[in-house]
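Please look over the structure below together with the briefing that follows it.

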Amino acid sequence: HEYEVTAVWHKWTATSAPTSATVTTGPATQLVLEVASAKPVAGEADSLTITAKDSANRTVTSYSGTHNLTFSGAAEAPSGTKPAVIDSAGVEKAFGESTALTFTEGKVTVSSGKNGVLKLYKVEEAHIKVKEGSISNGSTGVAVTVSAGAFKSFSVASVVAEPEVAARDRKSGV
């Protein structure tokens, strides 16, 4: 940034020559979590963006490399499938597990289907939280409303009554 200083005293005015100043960021104190869709379909991929910010809400561009984050705030599906995030190596990590994600100039962005792909499986309103050590995206998390996916298949099962019941029903005309 460049700035000039102007001094005024009564009718007298003097302006300095332009001077440059470098604005630095402090250490990361918070993680800002964004989801591509606040209304994802259960089981489908949703891209995350995570930004490391300082106390003045500036992106900490020196926050780079692999960091191990932990996600929480969503429940497992009735089938037992746990919510997950795909790490930087392409491995699906369940919520609660350490998930290695790569930050570049203070940001995690999805690339080639990995490094921050979110998968939620239970139809619910979840509040997704992320943390690394003492820094996080806060106590409320990001609200996400997971909806049911399209109907893909169904099956029909026949139930055969016990022989005595079937015979009785035939006699009575049922």
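This is a predicted model: local features need pLDDT of at least 70, side-chain atom pairs count only at pLDDT 80 or more; totals for chains, interfaces and linings use all residues.

Residues are numbered from 1 along each chain as its sequence is written, and side-chain values use heavy atoms, with hydrogens and water left out.

**Overall make-up**

- The protein chain has one helix and 15 strands, where helices (H or I, at least four residues) and strands (E, at least two) are DSSP runs numbered from the N terminus.
- Of its 174 residues, 26% count as buried, a term that means under 20% relative accessible area, with exposed meaning over 50% and partly exposed lying in between (1.4 Å probe, protein chains only).
- Among contacts with a separation of 6 or more, 60% join residues 24 or more positions apart, contact being defined as heavy atoms within 4.5 Å.
- The chain exposes about 11,000 Å², of which carbon and sulfur atoms supply 52%; the accessible areas come from the Shrake-Rupley method with a 1.4 Å probe.

- Leaving out residues up to four places away in sequence, Ile128 touches residues including Leu33, Phe71, Phe95, Leu120 and Val144.

**Aromatic pairs**

- The structure holds two aromatic pairs, counted where ring centres of Phe, Tyr and Trp (its six-membered ring) lie within 6.5 Å, with planes under 30 degrees apart taken as stacked, over 60 as edge-to-face and the rest as tilted.
- The rings of Tyr63 and Phe103 have centres 4.8 Å apart and planes at 90°, so this pair is edge-to-face.
- Because Tyr63 lies in the loop between strand 6 and strand 7 and Phe103 in strand 10, the pair ties together parts that are 40 residues apart in sequence.
- Tyr63 counts as buried at 12% relative accessibility, and Phe103 is buried with a relative accessible area of 1%.
- The rings of Phe71 and Phe95 have centres 6.0 Å apart and planes at 35°, so this pair is tilted; Phe71 and Phe95 are both buried.

**Val117**

- Val117, which lies in strand 12 (residues 117-119), is buried, with a relative accessible area of 5%.
- Beyond its neighbours within four places in sequence, Val117 is in contact with Ala45, Asp46, Ala84, Val85, Ile86 and Val110.
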